[in-house]
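Please keep the sequence and the model in view while reading the numbered points.

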Amino acid sequence: MTLKEWEEKCADIKARFSDAISAVAAPGGLDALKVSFLGRAGELTLLLKSLKDFPLEERKTLGAAGNALKTELTAIFDAKAAVLGRAALEADLQKSSADLTLPPYPFPRGRVHPLTMALREMTGILSRMGFARAEGPCVETEFNNFGALNFPEDHPAREMHDTLYVKTAPGADKLLLRTHTSPVQIRYMLSHKPPLRVMAPGRCFRNDAMDASHSPVFHQIEGLYVDKNVGLSDLKATLTQFMTALFKKEAEIRFRPSFFPFVEPGVEVDVKCVFCGGVGQCSVCKSTGWIEMLGAGVVHPNVLKSVGMDPEIWSGFAFGMGIERLAMLMYGIKDIRAFYENDIRVLSQFRP
Ligand code: FA5
């Protein structure tokens with residue numbers, strides 16, 4: 001083939017390809033066209049292969065022109081395929097009964113559980129008040145849960161918590177599911193030197209019957225502050241400030257004398273019932289007008305001694321509050337079971 005013949009062949013292929021592609025009306029016709037011009041044995045492919053018979057200089061010029069033609073034909077082909085494809089899709093849609101103007105189905109997204117929201121709120125306030133954060137295990141030694149906290153052996157005070165014990169080998173340390181977060185006080189005091197200010201949120205377990213305000217598995221946040229000259233007035237100021245920040249209004253709380261072996265004096269802290277306004281006419285506050293929120297007090301000297309701190313130098317306060325009880329007040333939930341039933345209609349109402 002001469003150079004001129006090669007160039008004429010190129011022009012001929014381009015003209016015939018353009019005519020043929022204009023005549024194609026459905027996507028099915030495109031494949032055969034592609035095979036006959038651009039396929040492995042297609043006309044343009046064979047013409048490009050024939051370049052090897054030309055001298056090097058001519059091969060360079062013709063090769064560039066041939067490749068440019070290949071790019072051009074491929075672009076024409078792709079454009080036509082896109083047009084025919086879209087037309088076919090539209091035709092299909094015309095036939096289909098789907099209404100594409102309808103809004104899409106909602107895409108459900110997970111969200112933070114209200115107890116986690118409440119916990120974050122509470123730990124955020126305490127952290128702004130200078131409390132560090134500590135964690136302890138849910139399976140505890142009987143010593144940390146009771147003994148080190150000044151619960152005497154076989155003392156009825158241990159029965160204040162209906163405890164779930166874990167089976168252990170005879171003679172081994174007794175293990176239990178912690179009944180409160182107070183054992184973290186012991187763990188923290190054994191590993192840190194005073195002065196210290198720490199909170200310990202976590203899960204607690206008691207063999208309590210389920211009712212509107214009790215659950216066998218619930219959560220507490222422990223607070224502990226040990227320094228010099230710490231007393232009940234510091235505890236009261238701290239808790240009043242905490243409750244006011246949590247409820248975003250001047251909270252009404254009251255202290256009732258109470259007994260916990262690891263504090264002296266001990267108090268029970270109640271918050272005025274937000275459901276009946278303290279009138280005492282609802283099941284949440286059991287018609288008392290107040291809801292028990294937490295136990296607290298001044299750290300007992302025996303507890304300080306048990307962790308090697310001199311009670312003549314150091315003093316402190318501690319508190320343990322029920323996260324569920326506070327969250328119920330924050331969100332207006334009347335029954336603690338709403339947190340655990342996983343009813344999506346309830347949970348979906350909470351947004352962080
Ligand atoms: C204690 O657990 C003490 N460790 C608190 C404490 C800490 C006292 C530090 C002194 C110093 P109490 O058993 O009262 O105390 O429980 C504290 C709070 O946990 C209760 O006020 C209540 O809000 C919550 N709580 C207790 N039992 C349950 C339960 N079964 N379900 C839900 N919340 C509970």
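At what angle do helix 2 and helix 4 pack, and how far apart are their axes? Point 2 gives the answer, after a word on the model.

1. Basis of the description. The structure is a predicted model, in which local features need pLDDT of at least 70 and side-chain atom pairs count only at pLDDT 80 or more, while totals for chains, interfaces and linings use all residues. Residues are numbered from 1 along each chain as its sequence is written, and side-chain values use heavy atoms, with hydrogens and water left out. Helices (H or I, at least four residues) and strands (E, at least two) are DSSP runs, numbered from the N terminus.

2. Helix 2 against helix 4. Helix 2 (residues 28-38) packs with helix 4 (residues 56-95) at an angle of about 175°, and their axes are 11 Å apart. Axes are lines fitted to C-alpha atoms, for helices over the stretch in contact, and angles run from 0 to 180 degrees between N-to-C directions. The two helices, helix 2 and helix 4, are therefore roughly antiparallel to each other (an angle over 145 degrees counts as roughly antiparallel). On the side of helix 2, the contact (heavy atoms within 4.5 Å) involves L30, K34 and L38, which meet K70, L73, T74, F77, K80, A81 and L84 in helix 4. By class, the residues of this contact are six nonpolar, one polar and three charged. Here Ala, Val, Leu, Ile, Met, Phe, Trp, Tyr, Cys and Pro count as nonpolar, Asp, Glu, Lys and Arg as charged, and the others, Gly among them, as polar.

3. Helix 1 against helix 2. Helix 1 (residues 3-23) also packs with helix 2 at an angle of about 175°, with axes 11 Å apart. Helix 1 and helix 2 are therefore roughly antiparallel to each other. I13, R16, F17, A20 and I21 in helix 1 touch L30, L33 and F37 in helix 2. The residues of this contact comprise seven nonpolar, no polar and one charged.

4. A82 lies in helix 4, and the C-alpha atoms of A82 and L235, 153 residues apart along the chain, are separated by 75 Å. A82 is partly exposed, with a relative accessible area of 39%. Buried means under 20% relative accessible area, exposed over 50%, and partly exposed in between (1.4 Å probe, protein chains only).

5. Which order do the strands of the open sheet of seven follow? The order is 1-5-6-10-9-8-7, and the pairing is mixed. Strand 1 (132-133) and strand 7 (253-258) are the edge strands, each pairing on one side only. Two strands pair if DSSP finds at least two bridges between them. Helix 8 (residues 232-247) packs on this sheet, touching strand 7, strand 8 (263-272), strand 9 (290-299) and strand 10, and its direction makes about 35° with that of strand 10.

6. Strand 6 and its partners. Nine of the 11 residues of strand 6 (residues 217-227) are buried, so this strand is largely enclosed by the rest of the structure. Strand 5 (residues 196-205) pairs with strand 6 in the antiparallel sense over 10 bridges; A200 has E222 in strand 6 as its bridge partner. Strand 6 and strand 10 (residues 315-322) run antiparallel and are joined by eight bridges, with M321 in strand 10 as the bridge partner of I221.

7. A residue in strand 9. Is I291 buried or exposed? I291, placed in strand 9, is buried, with a relative accessible area of 7%. Not counting residues up to four places away in sequence, I291 touches V269, D270, V271, C273, V284, C285 and L329. The C-alpha atoms of I291 and L329, 38 residues apart along the chain, are separated by 9.1 Å.

8. The three-stranded sheet. Three strands form an open sheet in the order 2-4-3, with antiparallel pairing. Strand 2 and strand 4 (residues 175-177) pair over three bridges, and V139 has L177 in strand 4 as its bridge partner.

Note on methods:
Parallel < 35°, antiparallel > 145°, perpendicular 65-115°, else oblique.
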